[in-house]
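The following report describes the structure shown below. It begins with the surface of the chain and then turns to individual sites.

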Amino acid sequence: MLNSMVQALRCRECGRDYPKEALHVCEDCFGPLEVAYDYEAVAARLTRAAIATRPPTMWRYRELLPLDAPPTVGLDNGFTPLVRADRLGQRLGLRALYIKNDSVCHPTWSFKDRVVAVALSKARELGFETVACASTGNLANSVSAHAATAGLGAFVFIPDDLEAGKVLATQIYGARVVAVRGSYDDVNRLCAELTDRYRWGFVNVNLRPYYAEGSKTYGYEIQEQLGWRQPAHIVVPMASGSLLTKIGKSLDEFRQLGFVTTSPTRLHGAQAAGCGPIAEAVARDSEDIRPVKKPQTIAKSLAIGNPADGFYASRAIRASGGTAVAVSDAEIVEAMKLLGECEGIFTETAGGVTIAALRRIVAEGRIQADELTVACITGNGLKTQEALQFTAPPVISPHAHELAALLGPAYE
Ligand SMILES: *Cc1c(COP(=O)(O)O)cnc(C)c1O
Ligand SMILES: [Zn+2]
């Protein structure tokens, strides 16, 4: 099956078309390039019934992904559980709450496996032998793992203060990891410069238009798993703002293709208070992002001070009637524990941002108890253990009387 439904790369600002190569900015106006599809051709080929018969992976929506040939990397990725979260809902005052659980996304436990599968499949189509990325952690894990299976060389650039788990889970797959003194924004600037110097496929620089499309599958799955419905609310954690923007695009596309019964969906963005430039712009009712110079939060995976898609994320949130909130580190930790205790899901700090933001938005009266609501859990808690502190469990000898002494009279 050849699925070239892709017409061109198109400038989001001036509309100029570019060939399907490793390009990401418009020469004329410096706008970002986005993949343009022939939606009539997609509609002729793709139906709900066809999707439903395909294997449960992100590639069941392949006509809406930007490859010209069948995918070759990350063939089993995606189709993570959408779980009903009644116990958490009860705590927050919601009766129709779901969690889209990419803390168990295959193979590196974050939604980045979706974007990397697309980016590296495209990198191979374009003939790259080495791939690279600037990462806040999860992208590093995923690029390294997928480059390993694809037999591609990999250079991964990270800020020098990343969590140990994120660094280890990049090194295990054999990529060359380079820590850069500075923030993610410094790392990203360096990578933009390196793109001119080396013929590498940088998944979030020169391959960014393709990479970003992979996030749409998270949104497609939500809609299919709700029984081809769109929810009233989706709460999305934001770093560059790409995931939120692409979930918005997935809603538009399924609506346009007639795949879903639509309720107008409000998109809500979640950030950490120590790095919330998009939330801050939304609060001003603006698309003008004021970069955060020194991000300071335990949610390192979201710590992008100068978010590439901030403008579009702010626009999508405001156009949908949604909101954006920035939550404190203490709220993040509390929310990670709440999700674990209510739903048995161990998420990383970014997931704590989502749940803390959801809690705030409900408390502000912006989500009604019976409205269908989806919270986006995008990463796994085993990778950010330093964010949590528990007292060590009590130790006893293997004798029942020692447990009885520990538990006290209430259990007699
Ligand atoms: C990268 C990331 C996000 C958000 O990414 P965007 O840049 O906004 O697309 C959300 N959650 C986790 C865990 C991430 O690693
Ligand atoms: Zn342009």
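## Surface and overall form

In this predicted model, the chain exposes about 17100 Å², and carbon and sulfur atoms supply 52% of that area. Buried residues account for 57% of the 412 residues in the chain.

The radius of gyration of the chain is 21 Å, which agrees with the value near 22 Å that a compact globule of 412 residues would have. Taken along the principal axes, the C-alpha atoms fill a box of roughly 75 × 45 × 45 Å. The secondary structure comprises 15 helices and 13 strands. Of the contacts in the chain between residues at least 6 apart in sequence, 71% join residues at least 24 apart.

## The zinc site

Four cysteines supply the protein donors of the zinc ion (ligand 2): the SG atoms of Cys11, Cys14, Cys26 and Cys29, lying 2.3 Å from the ion. The arrangement is tetrahedral, because the angles subtended by the four donor atoms run from 96 to 120° and the criterion requires all angles to lie between 85 and 135 degrees. For four tetrahedral donors, the ideal angle at a metal is 109.5 degrees.

The donor residues follow the spacing C-x2-C-x11-C-x2-C in sequence. Cys14 belongs to the loop between strand S1 (6–11) and strand S2 (17–18), and Cys26 to the loop between S2 and strand S3 (33–37); the pair therefore ties together parts that are 12 residues apart in sequence. Cys14 is partly exposed, with a relative accessible area of 43%, whereas Cys26 is buried, at 1%.

## Arg16

Arg16 is located in the loop between S1 and S2. Its relative accessibility is 32%, so Arg16 counts as partly exposed. The side chain of Arg16 forms a polar contact with the side chain of Tyr18 (3.4 Å).

Along the chain, Arg16 and Ser240 are 224 residues apart, and their C-alpha atoms are separated by 24 Å.

## Glu63

Glu63 occupies the loop between helix H2 (48–53) and strand S4 (82–84). Glu63 has a relative accessible area of 0% and is therefore buried, the cut-off for that class being under 20%. The side chain of Glu63 makes a polar contact with that of Arg54, at 2.9 Å.

Conventions:
Residues are numbered from 1 along each chain as its sequence is written. Chains are lettered from A and ligands numbered from 1 in the order in which they are written. This is a predicted model: local features need pLDDT of at least 70, side-chain atom pairs count only at pLDDT 80 or more; totals for chains, interfaces and linings use all residues. Side-chain values use heavy atoms; hydrogens and water are left out. Donors are N, O and S atoms within 2.8 Å of the metal (3.2 Å for Na, K and Ca); water is not among the atoms, so sites may look incomplete. Four donors count as tetrahedral if all angles lie between 85 and 135 degrees; four count as square planar and six as octahedral if opposite donors are over 155 degrees apart and all others between 65 and 115; anything else is irregular. Helices (H or I, at least four residues) and strands (E, at least two) are DSSP runs, numbered from the N terminus. Buried means under 20% relative accessible area, exposed over 50%, partly exposed in between (1.4 Å probe, protein chains only). The radius of gyration is taken over C-alpha atoms; the globule rule is 2.2 Å times the number of residues to the power 0.38. Contact means heavy atoms within 4.5 Å. Accessible areas come from the Shrake-Rupley method with a 1.4 Å probe; for residues, only the protein chains shown count as cover. A polar contact is a pair of N or O atoms within 3.5 Å; within protein, one must be able to donate a hydrogen and the other to accept it, and residues adjacent in sequence count only if both atoms are side-chain atoms.
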